[in-house]
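Subject: Structure handover

Hi,

Here is the structure you asked about. Please open it alongside this note; my findings follow below.

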Amino acid sequence: MIGSSEKGCIFRSTHDENIKGESKVLIQERIATADQLPVTLPKATAAIALRDLCKSFGKFVAIDHLSLTVGQGEIFGLLGPNGSGKTTTINMISGLSLPDSGEITVMGYDIRRQARQVRQLLGAVPQETALYEELSAEINLDFHADLFNIPRKEKKERITRILELVQLLDRKDSRVGTFSGGMKRRLALGRALLHNPQLIYLDEPTLGVDVQARRAIWDYILSLREQGKTVLITTNYLEEAQALCDRLAIIDHGKLIALDTPQHLKHLYGGQVIELETITPTASVSQIRVLPGVKNVIQENNRLKVTTEGTDGLVPQIINLISQDSEFCDIAVREPHLDEIFLHLTGTALRD
Ligand code: ADP
Ligand code: MG
């Protein structure tokens, strides 16, 4: 059992992993009654700390001894392919499902013993945007405000401010069912911000939204950091991780593979990538492969991609080898992309 309150919240057993979508969110919301948090937390307190977290579904190990710390004021990304355990992790942080073992604290509060405080601190934008399609945008927010016991006299003004922020004020009376995917995502984000949480988590915030809406959502997320909020996002879009995140945890099969700033991850694991295009396919691949500093060579017809541990002196050596049997059209040296780092670390691609 994790949640009960004097204010009529429901009890919930630990066996509710099967609850999906809307009902899941509603349960989460009902549990989160608005107890005011009296304390100002010291800056040094981690926004989120996971310690040796484990979670299995039957025999399947979804989260495997995961430990990480998210600092206050960070935009922190959980990056991993589908099925790597991102949603499972976030569901445990928000108390929707309990870890088998390990510890989770949110702003120093233990998610098992201080679940209500944790819920008051968290704003959730779940993977499936669960809104009341039959109701207007404004009434959706109104309902949420009541769940969080937002005082009546503040409610109207807060809802208007939030609708303005997510640029839906002019559509406040429209049924949510008539909204595009991007508009629903924005409304879900607005709803998460309504009770002024210190920490917002967004599970795949831009899944299924168009490029323009994605940009708008990114801007909102970045503005949250400016307001001093902590943001945890999960994604399997590398551009998203790169555009937003101060630090990234790369996870695969429920295990932490790497954790650092996007820039550091590139330096630590990537080296450089040399891309070459030749007139005819070169026969020198095996010789290039054994040059000191070369990590990997991929040949696709006339194209060659050489991953290195640092390019000092390598480019001339490669040019020398290739010019023995072919001619160049193009040559470029660049930083590795995050997906190449992911491939290097895990042996699998991040996206299909
Ligand atoms: P992600 O969000 O990274 O795509 P999830 O955390 O949703 O991944 O899932 C991680 C793994 O756990 C997947 O293999 C998924 O099938 C499995 N899983 C998640 N929830 C359940 C559940 N309720 N019952 C059984 N398996 C589950
Ligand atoms: Mg997920």
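In strand β8, Thr230, Leu232 and Thr234 point one way. Val231, Ile233 and Thr235 point the other way, and all of these residues are buried. Buried means 20 or more other C-beta atoms within 10 Å of the residue's own; exposed means 12 or fewer, partly exposed is in between, and C-beta atoms are placed from the backbone. β8 covers residues 230-235, and six of its six residues are buried, so the strand is largely enclosed by the rest of the structure. Helices (H or I, at least four residues) and strands (E, at least two) are DSSP runs, numbered from the N terminus.

This is a predicted model: local features need pLDDT of at least 70, side-chain atom pairs count only at pLDDT 80 or more, and totals for chains, interfaces and linings use all residues. Residues are numbered from 1 along each chain as its sequence is written, while chains are lettered from A and ligands numbered from 1 in the order in which they are written.

Which strands pair with β8? Strand β3 (residues 75-79) runs parallel to β8, joined by five bridges. Strand β7 (residues 199-203) also pairs with β8 in the parallel sense, over five bridges. Pairing requires at least two DSSP bridges between two strands. Val231 in β8 stands opposite Ile75 and opposite Ile200.

Now the whole chain. The protein chain has twelve helices and 14 strands. Of its 352 residues, 41% count as buried. Among contacts with a separation of 6 or more, 70% join residues 24 or more positions apart. A contact means C-beta atoms, placed from the backbone, within 7 Å.

Next, an open sheet. Its four strands have the order β12-β13-β11-β14, with antiparallel pairing. β12 (294-300) and β14 (328-334) are the edge strands, each pairing on one side only. The twist averages 15° from one strand to the next. Axes are lines fitted to C-alpha atoms, for helices over the stretch in contact, and angles run from 0 to 180 degrees between N-to-C directions. β11 (residues 272-278) and β14 share six bridges in the antiparallel sense. One bridge pairs Glu275 with Ala332 in β14. Helix α11 (residues 314-322) lies across β11, β12, β13 (303-308) and β14, at about 25° to β11.

On to a helix pair. The axes of α4 (residues 137-147) and α5 (residues 152-165) come within 10 Å and cross at roughly 130°. That makes α4 oblique to α5. (Under 35 degrees is roughly parallel, over 145 roughly antiparallel, 65 to 115 roughly perpendicular, and the rest oblique.) Ala137, Glu138, Leu141, Asp142 and Ala145 in α4 meet Lys155, Arg158, Ile159, Ile162 and Leu163 in α5. By class, this contact has six nonpolar, no polar and four charged residues. Ala, Val, Leu, Ile, Met, Phe, Trp, Tyr, Cys and Pro count as nonpolar, Asp, Glu, Lys and Arg as charged, and the others, Gly among them, as polar.

Two backbone details remain. Most residues other than glycine have a negative phi. Asn149, not a glycine, has a positive phi of about 50°. Asn149 sits in the loop between α4 and α5. With 15 C-beta neighbours inside 10 Å, Asn149 is partly exposed. His253 also has a positive phi, near 50°. His253 lies in the loop between β9 (247-252) and β10 (255-260).

Best wishes

Conventions
Two residues are in contact if their C-beta atoms, placed from the backbone, lie within 7 Å.
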